[in-house]
Number of protein chains: 2
Amino acid sequence: MPVTLVEVAARAGVSPATVSRVLNGNYPVAEATRQRVEQAVRELDYVVNAHARALLHSTSGIVGVVLNDAADPFFAGIARGIQTAAAGTRRLSIICNSEGEPSQEFAFLDLLRGHRADAVVLVGAAPEDEEFRTESAARAKGLQTNGTRLVLCGRPAPSPSAPGDVVAIDNEGGARAITQHLLDLGHREIAYLTGPAGRTTTTARFVGFRTALEQAGVPLDQGLVLGGDFSRRSGQLAVQNLLAAGKRFTAVAAANDLMAAGAVSALREAGLRVPQDVSVVGYDDLPTAVDVWPALTTVHVPLEEIGRLAVELAFGGSGMQTTVTAPTHLVVRDSTAAR
Amino acid sequence: MPVTLVEVAARAGVSPATVSRVLNGNYPVAEATRQRVEQAVRELDYVVNAHARALLHSTSGIVGVVLNDAADPFFAGIARGIQTAAAGTRRLSIICNSEGEPSQEFAFLDLLRGHRADAVVLVGAAPEDEEFRTESAARAKGLQTNGTRLVLCGRPAPSPSAPGDVVAIDNEGGARAITQHLLDLGHREIAYLTGPAGRTTTTARFVGFRTALEQAGVPLDQGLVLGGDFSRRSGQLAVQNLLAAGKRFTAVAAANDLMAAGAVSALREAGLRVPQDVSVVGYDDLPTAVDVWPALTTVHVPLEEIGRLAVELAFGGSGMQTTVTAPTHLVVRDSTAAR
DNA sequence: CTGAAAGCGCTTACAG
DNA sequence: CTGAAAGCGCTTACAG
């Protein structure tokens, strides 16, 4: 059984209230008394019960992080930023893997609400359907009445009136920039590997791609647009299919780095050289982007910074609903060359 | 302000006790009563206060995970296994990044104790000094008296008598196997890149390397043993130094995949081909090992499985102190060739 | 089947 | 500077 404050008080020969006071250091206590209490705490190896404390304060010192998969480097990077920033405010982070399942996401949200999390950060693309949005808005309201701050990272607010701050990512701008890079190199037949269907990030990145083509007056060939799911394997498969179908293309733009790595691997299997025969670009600038050979030209997304911003909005915020947009920028490495 | 159980009771026209009973479903309740309560819960969007509940049960539904860095794929893999298995028991996981700092590790342990975590899983190599071991053993005892189960993952118990289960990794066996692979290919001048000094994992892997050489009657050249710290950069630097010093070697064995990736990159910069000129091997078999070009020959470590095992020991365990050792095995890919 | 009451481990006005 | 008492939001014997 854990040691309680009452036992500490008994050993120190004072009242529980006094022990509480020296522990919290928010009231004057006689030096001699303090000494005795501190010694008792040490001797009994006492640690306050965080639940009893949370019951009084109705605050828990916990930040909930809900994401698809903490082992995915994209999410890991953001989670790390959140974790570090939260620790800086003496708060603990709870990581919850939703596997991209809305039902799991909602379940975690309820759990975190029950734990009276100080804040919840919801990371990653959201499904684009109306039902999800309605449910999300309801959950957001529930968290708010519980006093839990909500921050969305990399997804838009479910409705203009829903509570919660937003750290947006300039997905469209980055996609435009990297597509422009390919166009500048003379590429006209560019295959595009999308993210999973019906997700906000997937759409934003594709729109950026399409917009850049339009602005350059290059027609979009629907036959070169392939559905992926952000996994390495899906990028590899897509390019294999493209090749098997005998499609002509001189560049591949993948909606993230993992698919780009898969694409490179499929090209190499087919005896094609990157970038001499085909240029490849990714998105996210994950740490692994420099380990792929050739090192990936990609769009940098400041993952840790995004996590840090989320925590800042949650606790340092003005109290007003705020949206900040994290900038993205092109990083040119070795996987792209002039046509 | 959050809705309380008393308010739900008032709206449903029953006593708080009755609401508690329908919520927990562990007592008979009249169907009509149940209906009214459930409706009130829905209308008020009520969620039980996990802290109040934890205060009664002295259990929190929380699993603490303490590791160096959740963004590192090695830790991310194990954390994922823990998280999934914990969720399977309806428990939430708290991830704490200690940055490899013993002081931070201890601080998190105390925090988790205060939160009455059901279990704490401590992941990663431990420092080898006596002071750390003593402190660790004391913390282990503290957790035990709190009723928190402790599991060590990838590190040995601080003392034979310290409470806590262990999921060990066969680091030495894997290192022996991969070194043997290089020897079988005819390599005799093998550079070795170590992990950070004074860590259990570093030692175990190096011992495996040394043992394999000894058994083959190949002398160990201390000039070919370079200190790294498990980071990609340190692997790259080590090989650059080796090259600058004009050392002869036909293979590089890195104590993990990240350093192996760095080594490959340094070799390539110097105009050397892998594996034609120099063979390179890693350790861990991270997802990224297949993205490195050439794909890395390495030692597979069942990361997710290790996490799963940890949770199993914590909650399914016999109650007796148990150590299980996760097996490792050689994975031959493209970064090694015959001398 | 249901309610009144005690209690989990702490904190904090309220007295002194 | 310190203690007695009430209360945070729940659960669970104890009665009925």
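Predicted model: local features only at pLDDT ≥ 70, side-chain atom pairs only at ≥ 80, totals over all residues.
A word on conventions: residues count from 1 along each chain as its sequence is written, and chains are lettered from A in the order in which they are written. Local features need pLDDT of at least 70, side-chain atom pairs count only at pLDDT 80 or more, and side-chain values use heavy atoms.

Six of its six residues are buried, so the rest of the structure largely encloses β1(A); buried means under 20% relative accessible area with a 1.4 Å probe, protein chains only. A:I62, A:G64 and A:V66 lie on one side, and A:V63, A:V65 and A:L67 on the other.

Who are its neighbours? β1(A) pairs in the parallel sense with β2(A), residues 92-97, over six bridges, and with β3(A), residues 119-123, over four; pairing takes at least two DSSP bridges. A:V65 has A:I95 as bridge partner in β2(A), while A:V66 has A:L122 in β3(A).

Now over to the rings, which pair if their centres lie within 6.5 Å; planes under 30 degrees apart are stacked, over 60 edge-to-face, the rest tilted. The count is 10 aromatic pairs over all chains. In one of them, B:Y192 and B:F206 have centres 5.4 Å apart and planes at 55°, so the pair is tilted. B:Y192 is buried at 4% relative accessible area, and B:F206 is buried at 15%. B:F206 also pairs with B:F209, with centres 6.1 Å apart and planes at 35°, so this pair is tilted.

Definitions and conventions. Buried < 20%, exposed > 50% of the residue type's maximum accessible area, 1.4 Å probe, protein only. Helix = DSSP H or I, 4+ residues; strand = E, 2+ residues; numbered from the N terminus. Phe/Tyr/Trp six-rings, centres within 6.5 Å; stacked < 30°, edge-to-face > 60°.
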